[in-house]
Each structure stands twice: as structure tokens, then as C-alpha cells.
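Reader: I would like to learn how to read the features of a model with care, taking one kind of feature at a time. Could we begin with strands and go on from there?

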Amino acid sequence: MLKDITLGQYFPGDSLVHRLDPRTKLICVVLYIVALFTAKGFLAYGLVFLLLATAVKVSGVGAKALLRGMRPVLFILIFTGILNLFYTTTGTVLVKVGFLQITTGGLANAFFMVVRIMMLISGTFLMTYTTSPISLTDGLEMLLNPLKKLKVPVHDLAMMMSIALRFIPTLIEETDKIMSAQKARGADFESGSVIDKAKAMVPLMVPLFVSAFRRADELATAMECRCYHGGEGRTRLHQLHYTRNDWLVMGLFGVLVAAMFVLRRFSSF
Amino acid sequence: MDPILETKDLCCTYSIGTPFEHVALDHVNFQAYPGEYLGIIGHTGSGKSTLIQHLNGLLKPTGGQVLLHGKDIWADSKTTRQTRFKVGLVFQYPEYQLFEETVYKDIAFGPKNMKLDQDEIDRRVHQAAYFVGLTDDMLDKSPFELSGGQKRRVAIAGVIAMEPEVLILDEPTAGLDPQGREAILGNIQAFHDARNATIIVVSHSMEDMARLADRIVVINDGKIPLEGTPRQVFAQGDQLRDMGLNTPQLTQVFHRLREMGLPVDDSVYTMEEAKAALLALYRKGGQVC
């Protein structure tokens, strides 16, 4: 059950996508989202999809893994699809049952909305699948560096984020262990009413919190023992450098966004 | 004698159908007999923990059967749940599972899940506390106020309070000081003697196993290559060393003596035997040194 969580999961690899600078990937994801929300019509969506498909192909992650990540949002997808299907009244009416009606406009809207969300998720997942959490937060820290002038604690936020990501698998493992231990004492997590289930969580949550605090405490001590005192004057083992590929990929996504705006303005297809 | 708990061709494969597929248990036939003190040894990752989690139905076998009193524990969901009470499992570092406000309530968690009445729960909590050497004034304390060794005893009491027929402990003495180790092992022995319960202990300490176990099962790469009395198992020193294990230090000393050409038995594993063997040798030749 808990093993299905793919949040922040990283598939190590050595593809072109993996080797890109994390900053490039972050910028490209932002550009990609802008493109996705500007896109209008089949041609525009086709272009964005083509780029996504190429990136997936090059990364070697595999469409299956991306689709598996879609499972938790399946409900939202269906919900959005149905809402758009029935609440759009443009275009010609195709079917009409009582107060519900399906129009060509509704059909198109629902289709584009669902495709948009799916592509949005695939794109961002592709980034987390191909970038290790550590380099991702490094990249984020570097990108947000200018905000330091406004007294935003960028380094601290980035460090918090990397620690949080680092501890997700640990906490999942810990949860599994405590769950087994309580099951061995006859705890029942599956059956009963909602209230019973909530009560059954107490023997799981209390030890989990206690151990999370203990771990946090130990980690803080270990960091201080290695003279950690925030970001000031800290140098990096792995310096980030843009390569020619980074500029090319960023350029490509820039062109994509421009194309979306042009298509939106001039193409009716 | 029929085994109380046994596995037949038990197989366990993790993450089937993914690149991380891993065979943890490979056709394991394991038996535990009523009233015996059984030791399980094996290096880290050999499949010990996987095996013991199958014995009380926490993990479902991917192949083969687990039988308690000759009945499949997965026959129906009720049997599986009952098995958890009959086969008590104490995990490694069990002190991290404590959650209640008081020690009393925490020990009562298992019996309460068994739907016993209040008097019976009360009796079992006091009895379990007695077995692990907790005094009555400790029962009202918060488990989080206790020392590490005391917490572990509370956790073990929590399982003992279910009065299981088979008690399985995964490295019960890990991370304790010598005094704490002795205390816990003594508590387990007391429970064993008083209830004639079957005890299965996973341990890395060959000395403890030599001293306490009636029988030893060796696990390596998800199989059982060796089992028998401590003497039979520790006589296979070379095989054990190949599996990343070792014999008790005393046995190592005698093994070495034999290599040096002295006529001693190298399956010696207790202090008494060692003393007798050395004295016999001394009387016989007088040329020990």
C-alpha cells in the first residue's frame, strides 16, 4: 500500500535528460507549464505532446512509470472530465437527457482539460524522476538566490526541503515496521467504521511522531557536529554549470512557448 | 513429536515483476517443537526476519504453507488473526512501538485486542510485568519516562501478556549493556520455564545461543543449510565461517588447540565441557604447555 507512493522518487540513469542541469529542468518545467496553459487547439497540444514524448523517450524512464504516478489523481481527472463535459454549453448539442446535455464544445473542453492535467503531471514527474532530490533542491536554491536580497531565507528553505525529501522513504519504512509490530499485537487497521479506523491509527501515529522527533534531534546534532551553521560562506562539492545542451534545451522550450502564443493568436485549428 | 509450528516449502519473493525482484525465502522447511528453545542464526539479509514474519501471519507466503498445530494459518482470515495471538512476535528494537499513556495500558493493548474481560486483562498485565521484572509502581508511569532497557521489557511484556504458545523474539538483546542483556535473557528463560512455551530467538550472539538454545537453525540465502543441536551445528565451524557466521569463542579456542595437534574435541561449546576437557587432557599427558 505505502509502496505505491511515487512522490519524489528518483530513477537513476545517465540519459541526456538526467545530465541536464537541475536549473535547466526547473526553468523548462515552468516554461512547459506556461506553454500548456497557453495552448489552444489540436495543433498546439500536438506540439507540446511531441516535446513531452521526445523528452520521455530520451530519458528512458518509460511511459508505464509515468502513468503509474497518475493513479492518485485519477479521481480528479475523472471529476474534471465530467464537470467540463456537462457544464459547457457552447457548440451543437449532441445528446440531451433531462437537464443534462453534451455538446461538441463540452466534449472538446473535457478532452483538452483531461489531456492538459495528464501532461502537466507527466511533465513534472519526468523532472522528479530524472533529477535526484539533492540536485533538485540545489538547483532551486541557486535559482531563488536573488531573493536573498529581500531577506528570504532561501538556503534554509532549500535545506528543509532536501531533508524532508530525504526522510520520505525512511518514514515510510518506519511506518511499515510499526504497523507490523502493532499488527503482531492484534491491532486491526483495515476493518471497522471510519471512527474505529481513526482510533486504530493512534498506536501507529504516536510511535511514528516520537521517532520522527528523535530522528530530527539526532540529525540536528549530527549537522552541528559537522559545523553546519546555515548557508553563509558554505561552498559546494558539486558546482552547477550550464553546458551547451542546457542552453539548447532552454531555447527549445522558449520557442515552444512563443509558438503557443503565436498559434493562439493566429490559428483557429 | 509433532511440530507446533512448521513451514512447508515456504517461498517468499519481494517485488515480483519489477527489476527489484528478490527471493528472500526459497522452499524453506522449518519446524519448531512444543516447549523447545530454538535459536535462529544467520547473517544480515539472510532471510531470518522474513521467515519469522511469516510464522505469525504478518507476511503472506508467495508459495508454500505455514502450519500451526498442523493447520494452515491462511485457511481463513479468522485463523490468521488468531495466529497473531498464539504466536507472539517481538520485533527488533520493540521499544519504538510503545504508544500508550501508561505502561499498564500499553501492556494491555494486546489482551484488549483479544477481547478478553477486564479481570483477565488485569491478571495478564500483572503476570507479564512480573515475568519481565517490572515493579507495580512502574505500571502507572508513562513508557516514555523509562530507560531504554526498561522500555524494551515493557514491549516484551506487551507480547507476553497475550500468553502466546510460541514466543518469537528478533534480537531481543541488541543494543543493550551486558547487565540488560542478561536480564532480558533471564526474563525469557523464566517465561519459557513457567509456561513451557516454545521460544524462538533470532540472535547474532553464538555464545548466548550455545548457552540457551536446545536446537539451532542456520539460515543462509533464504535456505536452511544446517540445523541441529548446538553441538552438531557448532561442529561445522568451516561451513559456518563460509556463511559469514562463526562458532562460540570457546569452540574457536578448542578448534585452534586441535589444529596445534592436541587431542581435544573441537565441538566443545560450554564452560563446563571446556573445563572437563582441559582437565582430562592435563591428567593424561601433563604436556599441555
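Author: Strands (E, at least two residues) and helices (H or I, at least four) are DSSP runs numbered from the N terminus, and two strands pair if DSSP finds at least two bridges between them. In chain B of this predicted model, four strands form an open sheet in the order 2-1-4-5, with antiparallel pairing. Strand 2 (22–32) and strand 5 (71–72) of chain B stand at the edges with a single partner strand each, so one side of each has no neighbour in the sheet.

Reader: How many bridges join strand 4 of chain B to strand 5 of chain B?

Author: Two bridges join strand 4 (residues 63–68) of chain B to strand 5 of chain B, and these strands run antiparallel; within strand 5 of chain B, Asp72(B) stands opposite Leu67(B). Strand 9 (residues 215–220) of chain B is likewise antiparallel to strand 10 (residues 223–228) of chain B, with four bridges between them, and Val217(B) has Glu227(B) as its bridge partner in strand 10 of chain B. The hairpin of strand 9 and strand 10 of chain B has two residues between the strands, and Asp221(B) takes a positive phi near 50° there.

Reader: Before we turn to side chains, which conventions apply to the numbering and the values?

Author: Residues are numbered from 1 along each chain as its sequence is written, while chains are lettered from A and ligands numbered from 1 in the order in which they are written. Local features need pLDDT of at least 70 and side-chain atom pairs count only at pLDDT 80 or more, whereas totals for chains, interfaces and linings use all residues; side-chain values use heavy atoms, with hydrogens and water left out.

Reader: Which salt bridge joins two chains?

Author: Asp106(B) and Arg185(A) meet in a salt bridge of 3.0 Å, N to O. Asp106(B) lies in helix 3 (residues 103–113) of chain B and Arg185(A) in the loop between helix 8 (154–184) and helix 9 (194–200) of chain A, so two chains are joined by this pair. Both Asp106(B) and Arg185(A) are buried.

Reader: What describes a pair of aromatic rings?

Author: A pair of aromatic rings is described by the distance of the centres and the angle of the planes. Rings of Phe, Tyr and Trp (its six-membered ring) pair if their centres lie within 6.5 Å, and planes under 30 degrees apart count as stacked, over 60 as edge-to-face and the rest as tilted. There are 14 aromatic pairs over all chains. Among them, Phe75(A) and Phe79(A) are stacked, at 5.9 Å centre to centre with 20° between the planes.

Notes:
Salt bridge = Lys/Arg side-chain N within 4 Å of Asp/Glu carboxyl O. Buried < 20%, exposed > 50% of the residue type's maximum accessible area, 1.4 Å probe, protein only.
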